[in-house]
Amino acid sequence: DRTLEMLAGAMAELVVGEPADIATDLGPVIDGDAKKALTRHARKMEDAARLIARTPLPRGLAVGHWFAPVAVEITAEQIPAREVFGPILHVLRYPAEGLDQALDAIAATGYGLTLGIHSRIEATWAQVRARVPAGNSYVNRAMTGAVVGSQPFGGERLSGTGPKAGGPHYLPRFAVERSVSVNTAAAGGNATLFASLEDPLPEAGGADGNGSGAKRR
């Protein structure tokens with residue numbers, strides 16, 4: 001209860017506004033469709049779940065697709081079936097012995113972009129990571145900030161196909177490796193004739209002075 005109270009207090013301090021302003025915490029969402037989808041989902045969650053807090057929107061905002069951050073407390077049955085890209089936080093409480101059940105419910109959605117874990121117990125990190133497949137796992141740090149060129153950023157399953165925005169394996173994702181092997185003899189070619197056309201290496205003491213009597217293949 002105290003954690004949710006602190007969360008509500010922190011959300012009340014958030015500043016929604018122009019991204020160029022250093023005092024701004026959150027800017028607008030990307031377009032009108034995104035705002036409509038977030039508004040619909042927030043209303044649905046507020047009707048079905050418990051509203052924890054909603055960040056107030058300041059007056060006088062410029063023209064834009066502004067959406068006030070929302071936090072709601074849900075049950076395992078109310079975990080969204082699709083990804084929700086926007087400032088809507090879903091809080092699910094569980095007993096300590098029910099962690100595996102909670103993780104299985106999250107994994108059952110089929111998505112796996114980013115996983116964030118906050119715990120001082122390394123065994124807990126391993127337990128969570130083993131049950132929730134995700135392309136990116138962050139432990140005791142912010143869940144954003146993959147460095148292009150050194151950290152791949154891509155999900156798995158319904159959230160993507162692996163490295164997308166950097167990392168040593170980024171370029172090969174655009175390439176397709178193909179090989180062709182032809183049996184010349186099966187097509188009527190004379191393998192012996194081809195072999196006889198190969199240049200022999202100079203004999204020992206020849207012009208190259210390598211002392212090799214081997215033939216080049």
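I take two strands as paired if DSSP finds at least two bridges between them. The model I am reading is predicted.

**Entry 1. The sheet**

I looked up the pairing of E1 with strand E2 (residues 70–74) and found it antiparallel, over four bridges. I then followed the whole sheet: three strands form an open sheet in the order E1-E2-E3, with mixed pairing. Strand E1 (50–54) and strand E3 (88–92) each have a single partner strand and stand at the edges, so one side of each is left without a neighbour in the sheet. From one strand to the next, I note an average twist of 20°. Helix H1 (residues 2–13) packs on this sheet and touches E1, E2 and E3. The direction of H1 makes about 35° with that of E1.

**Entry 2. Arg50 and Glu73**

Which residue of E2 stands opposite Arg50? I find Glu73 there. The side chains of Glu73 and Arg50 also meet in a salt bridge, at 3.0 Å from N to O. The two residues are 23 apart in the chain, Glu73 in strand E2 and Arg50 in strand E1. Glu73 counts as buried because its relative accessible area is 16%, under the 20% cut-off. Arg50, at 42%, is partly exposed.

**Entry 3. Helices H3 and H4**

I turned next to helix H3 (residues 99–107) and helix H4 (residues 122–131), which pack at about 35° with their axes 9 Å apart. The crossing is right-handed. On the H3 side I list Leu99, Asp100, Leu103, Asp104 and Ala107 in the contact; on the H4 side, Thr124, Gln127, Val128 and Arg131. By class, this contact has four nonpolar, two polar and three charged residues.

**Entry 4. Arg131 and its partners**

I examined the charged residues of this contact. Arg131 forms a salt bridge with Asp100, the closest N and O atoms being 3.5 Å apart. Because Arg131 lies in helix H4 and Asp100 in helix H3, the pair ties together parts 31 residues apart in sequence. Asp104 also forms a salt bridge with Arg131, here with the closest N and O atoms 3.0 Å apart. Asp104 in helix H3 is 27 residues from Arg131 in helix H4. I find Arg131 partly exposed at 32%, Asp100 partly exposed at 25% and Asp104 partly exposed at 35%. For the model, I note a count of six salt bridges.

**Entry 5. Thr124**

Leaving aside residues up to four places away in sequence, Thr124 touches Leu99 and Ser119.

Key. Residues numbered from 1 in each chain as written. Predicted model: local features only at pLDDT ≥ 70, side-chain atom pairs only at ≥ 80, totals over all residues. Heavy atoms only, no water. Axes fitted to C-alpha atoms, helices over the stretch in contact; angles between N-to-C directions. Left-handed = near helix turned anticlockwise from the far one by under 90°. Contact = heavy atoms within 4.5 Å. Nonpolar A, V, L, I, M, F, W, Y, C, P; charged D, E, K, R; others polar. Salt bridge = Lys/Arg side-chain N within 4 Å of Asp/Glu carboxyl O. Buried < 20%, exposed > 50% of the residue type's maximum accessible area, 1.4 Å probe, protein only.
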